[in-house]
Amino acid sequence: VQLQASGGGSVQFGGSLRLSCAVSGSFRAINVMGWYRQAPGKQREFVASITSGGTISYADSVKGRFTISPDNAKSTVYLQMNSLKPENTAVYYCNADIKPSAFLRNNDYWGQGTEVTVSS
C-alpha cells in the first residue's frame with residue numbers, strides 16, 4: 001500500500017490550493033484518511049480527516065476555510081484549501097488507516113509530504 005500526495009505549491013495570501021492523496025496497492029478497506037502538516041520548527045499537527053462512514057473532522061484553525069472530500073472510486077481524498085494564510089505554510093502529509101487484508105490488522109500509512117508556501 002502506498003499513498004501519493006500532490007498539489008502543493010506557492011500561493012499568495014488569500015489564495016487557494018487543492019491537495020490530493022491517492023492510495024494504491026492491494027488493500028481490503030480504508031477506514032480513515034486525513035491530512036497533517038508540519039511547519040518549520042514545529043511538530044506535526046492534525047489538519048482534517050474523513051472516515052469511511054463520512055465523519056469529518058477539522059482542526060479549529062482551518063474550519064470554514066479547508067474542505068476534505070473523498071473520491072471513493074479512485075481511493076483518493078482531496079483537501080481544498082481556501083483563504084490561505086502565511087501561517088498555513090508547511091509540509092502537508094497524507095495519512096490513512098487501512099486494513100491490508102482480511103487476515104491482517106489495520107495499519108497506519110503515510111504519504112510523502114507536499115509543500116505549501118503562502119506568502120504575504
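**View 1. Pairing of strands β3 and β8 in the predicted model.** Strand β3 (residues 17–24) and β8 run antiparallel and are joined by six bridges, where two strands count as paired if DSSP finds at least two bridges between them. Strands are DSSP runs of E with at least two residues, numbered from the N terminus. Within this pairing, Ser20 has Tyr78 of β8 as its bridge partner. The model is predicted, with local features needing pLDDT of at least 70 and side-chain atom pairs counting only at pLDDT 80 or more, whereas totals for chains, interfaces and linings use all residues. Residues are numbered from 1 along each chain as its sequence is written, and side-chain values use heavy atoms, with hydrogens and water left out.

**View 2. The open sheet that contains β3 and β8.** Four strands make up this open sheet, in the order β1-β3-β8-β7 and with antiparallel pairing. Its edge strands, each of which pairs on one side only, are β1 (2–6) and β7. Neighbouring strands of the sheet are turned by 15° against each other on average, direction ignored; the axes behind this value are lines fitted to C-alpha atoms, and angles run from 0 to 180 degrees between N-to-C directions.

View 3. Strands β4 and β5 run antiparallel and are joined by six bridges; they form a hairpin with six residues between them, and Gly41 in the turn has a positive phi of about 75°. Arg37 stands opposite Glu45 in β5, and the two residues also form a salt bridge in which the closest N and O atoms are 2.7 Å apart. A salt bridge here is a side-chain nitrogen of Lys or Arg within 4 Å of a carboxyl oxygen of Asp or Glu. Arg37 is buried, at a relative accessible area of 5%, whereas Glu45 is partly exposed, at 38% (buried means under 20% relative accessible area, exposed over 50%, and partly exposed in between, with a 1.4 Å probe and protein chains only).

**View 4. The β5–β6 hairpin.** Strand β6 (residues 56–58) pairs with β5 in the antiparallel sense over three bridges, and Ile50 stands opposite Ile56 in β6. Four residues lie between the two strands of this hairpin, and Gly54 in the turn has a positive phi of about 95°.

**View 5. The salt bridge between Lys63 and Asp60.** A search of the whole structure finds two salt bridges, and in the one shown here the closest N and O atoms of Lys63 and Asp60 are 3.1 Å apart. Asp60 is exposed, with a relative accessible area of 66%.

**View 6. The largest pocket and its lining.** About 210 Å³ of space lies in the largest pocket. On a 1 Å grid over the protein atoms alone, a pocket is an open set of points where a 1.4 Å probe fits, with protein on both sides within 12 Å along at least five of seven lines, and lining residues have an atom within 4 Å of a point. The lining comprises 14 residues, of which Ile30, Thr51, Ser52, Pro70 and Asn72 lie nearest the centre of the pocket. At least two lining residues come from each of β4 (29–38), β5 (45–51), β7 (66–71) and β8 (76–81), and β4 gives the most, with four residues.

Methods:
Points joined across faces, edges and corners; volume = space filled by probe spheres on them.
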